[in-house]
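Okay, everyone, thanks for coming. Let me put the model up on the screen, and then we can walk through it together.

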Amino acid sequence: MTELHAAKKGPDTKSKRPRLFLVDDHPLVRERLGQLIAQQPDMIVCGECGDAAECLRLIPAAKPDLVIVDLSLKSSHGIELIKDIRVENPELRILVLSMHDESLFAERALRAGALGYVTKQESTDTILSAIRRVLAGEMFLTERMATQLVALWIHGPTVFTGSYIGELSDRELEIFQMLGEGQGTRRIAEVLRLDVKTVETYRLRLKEKLQVSTASELLQQAVQWVQSHGKR
């Protein structure tokens, strides 16, 4: 029964529930998260997709109250999508649900405009709590992450991460990650819709910031980092 049809038969209590839009490039993850949300009496899924561009296209019609975003998307990084959502929908609340290490990405997600960050390894109760907290306009971080963010703000990114990775910009980190996943310069340029020369410039910046002198050293560091932090 559609919401419109239900409205003709009586009070549309379903439409009064907060509306959630799911963005994850794995259909099975979206299905399982959708099933979890469907079991809750106080929220409803109003749409889903696995691609950043599709997300931006569908949001106006779906009219969600909250967008749940993964950081691993087909043609963009979730951090960039969060920024784009905030530009087009400044009041829309965003929660990141990701496999990626919160110690590096949570702070970046908050700076981009998300209100919360929770990993997929957390319990169902924690994920639901995060959703409800962000829906209420509150910030959600695990206690461990909140403590680490305090250390970040006091000591700066190098102390916080224990490496130079924390000093990379969001785009530099995205390209560094893609290099570690085995994607070449041309493929990165295609996926991110950048010129090849622009990607090459980013690679030079990465070498400088990570204090490596050759492309093979940069690639080695990128591969090691991806292996230790999980794949997209």
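Before going on, a word on the model: it is predicted, so to speak of local features we need pLDDT of at least 70, side-chain atom pairs count only at pLDDT 80 or more, and totals for chains, interfaces and linings use all residues. Residues are numbered from 1 along each chain as its sequence is written, and side-chain values use heavy atoms, with hydrogens and water left out.

Let's stay with H6. Helices here are DSSP runs of H or I with at least four residues, strands are runs of E with at least two, and both are numbered from the N terminus. H6 covers residues 124-135, twelve of them, and at 1.5 Å a residue they should span 16 Å. That expected span is 1.5 Å times one less than the number of residues. The end C-alpha atoms of H6 are 17 Å apart, which agrees.

Now look at what H6 hides. Ile127, Leu128, Ala130, Ile131, Val134 and Leu135 are buried. Buried means under 20% relative accessible area, exposed means over 50%, and partly exposed is in between, using a 1.4 Å probe and protein chains only. Down the axis of H6, the buried residues fall within an arc of 155°, so they line one face of the helix. The arc is taken from the directions from the helix axis to the C-beta atoms.

On to charges. The structure holds 14 salt bridges, each one a side-chain nitrogen of Lys or Arg within 4 Å of a carboxyl oxygen of Asp or Glu. Take glutamate 48 and arginine 30, whose closest N and O atoms are 3.0 Å apart. Glutamate 48 lies in strand S2 and arginine 30 in helix H2, so this pair ties together parts that are 18 residues apart in sequence. Glutamate 48 is partly exposed at 38%, while arginine 30 is buried at 13%.

Next, find aspartate 170. Its side chain meets lysine 83 in a salt bridge at 3.0 Å, N to O. Aspartate 170 is in helix H9 and lysine 83 in helix H4, 87 residues apart. Aspartate 170 also forms a salt bridge with arginine 108, at 2.8 Å. Arginine 108 sits in helix H5, 62 residues from aspartate 170. How buried is arginine 108? Its relative accessible area is 1%. Shared partners join Glu80, Lys83, Glu107, Arg108, Arg111 and Asp170 into one network.

Last stop, the rings. There are two aromatic pairs; rings of Phe, Tyr and Trp (its six-membered ring) pair if their centres lie within 6.5 Å, and planes under 30 degrees apart are stacked, over 60 edge-to-face, and the rest tilted. Phenylalanine 176 and tryptophan 225 make a tilted pair, 5.9 Å centre to centre with 55° between the planes. Phenylalanine 176 lies in H9 and tryptophan 225 in H12, so the pair ties together parts 49 residues apart in sequence. Both of those residues are buried. Ring pairs link Phe105, Phe176 and Trp225 into a cluster.
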